[in-house]
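Subject: Structure handover

Hello,

Here is the structure for you to look over. My notes follow below it.

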Amino acid sequence: MALRSLFSRTSLAGLSAASRTSSCLDSKALGLAGLAQSRGLKTASLPDLPYDYGALEPAISGDIMQLHHKKHHQTYVTNYNKALEQLHEATLKGDVGTVVKLQSAIKFNGGGHVNHSIFWKNLAPVREGGGEPPHGSLGWAIDTHFGSVEALIQKMNAEGAALQGSGWVWLGLDKETKKLVVDTTANQDPLVTKGATLIPLLGIDVWEHAYYLQYKNVRPDYLKNIWKVMNWKYAGEIYQQECP
Amino acid sequence: MLPSLAKKQTSQFDTRRRASKVVAYFGLKPPPYQLDALEPHMSKKTVELHWGGHHRGYLENLNKALAKDDVLYSYTMDELINVTYNRGNPLPAFNNAAQVWNHDFFWESMQPGGGGIPELGLLDQIEKDFGSFTNFREKFVEAALTSFSSGWVWLVLKREEKHLAIVKTSNAFTPLVWDDIPIINLDVWEHAYYLDYKNERAKYVNTFMDHLVSWNTAMGRMARAEAFVNLGEPNIPVA
């Protein structure tokens with residue numbers, strides 16, 4: 001339930017003071033969410049990481065994973081819930097001005113929540129299959145569309161490195177044409193903003209907070225290394241759901 | 001032209017083989033203080049990486065782009081930004097040019113022992129346009145905390161409306177393209193504060209306001225701006 005998800009498993013030594021204060025904030029967020037839920041509003045909650053914070057080393061450091069999950073993603077969740085509350089009130093009151101004004105906060109924080117929830121599932125520790133190339137129908141589709149997995153990786157890395165500012169680079173599936181696409185989105189826009197029929201298979205966060213502590217400004221190194229912990233199994237499952 | 005004559009001329013004046021291939025149109029301006037002068041509010045590591053890595057990177061990419069372009073290389077920086085902005089449809093060189101300008105402006109908007117409040121004409125104008133300095137500071141911090149992308153926060157003097165305003169821009173955009181006159185700016189790209197403050201942007205912004213912002217520079221810029229924008233008669237008390 002919501003409570004359990006706020007105390008994610010971590011392998012880092014003990015709960016530091018910093019994380020203790022964050023749990024206090026989390027309980028405030030829980031209080032707010034609880035209030036909204038009692039009114040029938042389905043609020044968002046921070047999903048558990050399916051692995052420990054340090055499990056993706058050395059590709060992505062434990063420090064980054066902890067900050068990224070516990071601080072950044074949690075902030076998106078908290079602010080989305082806040083904006084949702086405000087939107088609910090404004091809708092009930094018929095306050096169109098406020099409804100429109102809240103759109104950017106909902107898109108940003110909601111998008112951040114959606115994108116990061118997919119992102120955690122896109123990654124896996126090496127001992128759980130992270131980095132293993134795709135098999136089955138997805139592997140075959142990649143070879144058909146891009147020539148090889150290496151070519152796909154190169155394309156995604158090039159687009160990710162060239163992205164100005166903050167955003168995401170995606171491997172997506174167009175569920176109408178059944179074709180694989182590589183695309184980027186700015187800021188926290190989900191992939192669906194680039195095409196209503198696009199389903200994300202893999203996404204790479206190229207916001208600086210995703211890599212700065214470890215890779216500094218060398219985004220290409222981060223992009224090269226993240227493939228070592230890429231969870232192709234997850235992508236394959238989504239693909240097979242849409243293209244059985 | 002006789003072919004033999006042409007050949008002789010080119011071989012006499014052909015220095016291409018000897019000349020180096022390096023061309024540099026813009027140079028990297030260092031901050032007006034030592035790289036560790038902003039400690040402990042902005043660490044030496046951050047300034048070294050921000051100026052030496054990011055800022056230098058934009059500059060080198062800009063020079064590379066200009067080396068390949070027969071028209072753009074001839075502009076000054078300000079002109080270049082407006083030309084590459086291309087009235088809202090930016091050319092690829094815009095990002096690099098604008099980011100070089102933005103970062104130059106940023107280093108100069110800070111100083112060791114900065115912070116506090118401005119004086120004289122700038123303070124008067126802030127109080128006129130925002131009610132009080134406290135209100136301005138609140139609004140500036142709020143703007144910095146509510147940006148939904150990488151970008152910058154600016155205090156500008158609006159040319160048409162003839163008053164100060166706080167403006168948020170995303171990625172590389174600069175109020176220069178709207179012909180407004182910037183007075184100070186603050187980099188809210190994550191790389192500007194992540195090493196020192198991690199995700200705590202509020203701490204970074206407050207530290208900037210309390211310890212880093214150079215009101216001296218801002219007052220100089222404001223004085224210069226008043227040469228271009230008529231802010232009306234000064235309020236001289238009558239004896």
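Start with B:Lys198, which sits in the loop between α7 and α8 (201-212) of chain B. Helices here are DSSP runs of H or I with at least four residues, strands are runs of E with at least two, and both are numbered from the N terminus. B:Lys198 is partly exposed, with a relative accessible area of 31%. On this scale, buried means under 20% relative accessible area, exposed means over 50%, and partly exposed lies in between, using a 1.4 Å probe and protein chains only. Apart from neighbours within four places in sequence, B:Lys198 is in contact (heavy atoms within 4.5 Å) with A:Leu67, A:Leu213 and B:Tyr193.

Some ground rules. This is a predicted model, where local features need pLDDT of at least 70, side-chain atom pairs count only at pLDDT 80 or more, and totals for chains, interfaces and linings use all residues. Residues are numbered from 1 along each chain as its sequence is written, chains are lettered from A and ligands numbered from 1 in the order in which they are written, and side-chain values use heavy atoms, with hydrogens and water left out.

**Where the chains meet**

The contact takes 15 residues from chain B and 17 residues from chain A. Chain B and chain A bury about 1,800 Å² between them, 59% of it on carbon and sulfur atoms. Buried area is the accessible area (1.4 Å probe) that two parts lose on being put together, summed over both. Which three residues supply more of the area that chain B buries against chain A than any other three? They are B:Phe148, B:Glu190 and B:Tyr194, with 38%.

The interface of chain B and chain A has 0 salt bridges by the rule. A salt bridge needs a side-chain nitrogen of Lys or Arg within 4 Å of a carboxyl oxygen of Asp or Glu. The rule does find 6 residue pairs in polar contact across this interface, both residues being at pLDDT 80 or more. A polar contact is a pair of N or O atoms within 3.5 Å; within protein, one must be able to donate a hydrogen and the other to accept it, and residues adjacent in sequence count only if both atoms are side-chain atoms.

On the side of chain B that touches chain A, α2 (44-67) and α7 (194-197) of chain B each supply at least two residues. α2(B) gives the most, with 3 residues. That side of chain B divides into 5 nonpolar, 8 polar and 2 charged residues. Here Ala, Val, Leu, Ile, Met, Phe, Trp, Tyr, Cys and Pro count as nonpolar, Asp, Glu, Lys and Arg as charged, and the others, Gly among them, as polar.

**The annotated site in chain B**

UniProt, in an unreviewed entry, lists B:His50, B:His103, B:Asp187 and B:His191 under "binding site". They span 142 residues in sequence, yet no two of their C-alpha atoms are more than 12.3 Å apart, so they gather at one spot. UniProt positions follow the numbering used here, feature names are shortened, and annotations may be inferred rather than shown by experiment.

B:His103 lies in helix α4 (residues 92-108) of chain B. B:His103 counts as buried, at 0% relative accessibility. Beyond four places in sequence, its contacts include B:His55, B:Tyr58 and B:Trp152.

B:Asp187 lies in strand β3 (residues 181-187) of chain B. B:Asp187 is buried too, at 0% relative accessibility. Among the residues B:Asp187 touches, not counting those up to four places away in sequence, are B:His50, B:His103 and B:Tyr204. A polar atom of the B:Asp187 side chain lies 3.0 Å from the backbone nitrogen of B:Trp189.

**Salt bridges**

The structure holds 11 salt bridges over all chains. In one of them, the side chains of B:Asp210 and B:Arg137 meet at 2.6 Å, N to O. This pair links distant parts of the chain: B:Asp210 is in helix α8 of chain B and B:Arg137 in helix α6 (residues 133-145) of chain B, 73 residues apart. B:Asp210 is partly exposed, with a relative accessible area of 38%. Salt bridges that share partners also join B:Lys29, B:Glu108 and B:Arg221 into one network.

In chain A, A:Glu159 and A:Lys155 form a salt bridge (3.5 Å, N to O). Both lie in helix α7 (residues 149-162) of chain A, 4 residues apart, about one turn of the helix.

Best wishes
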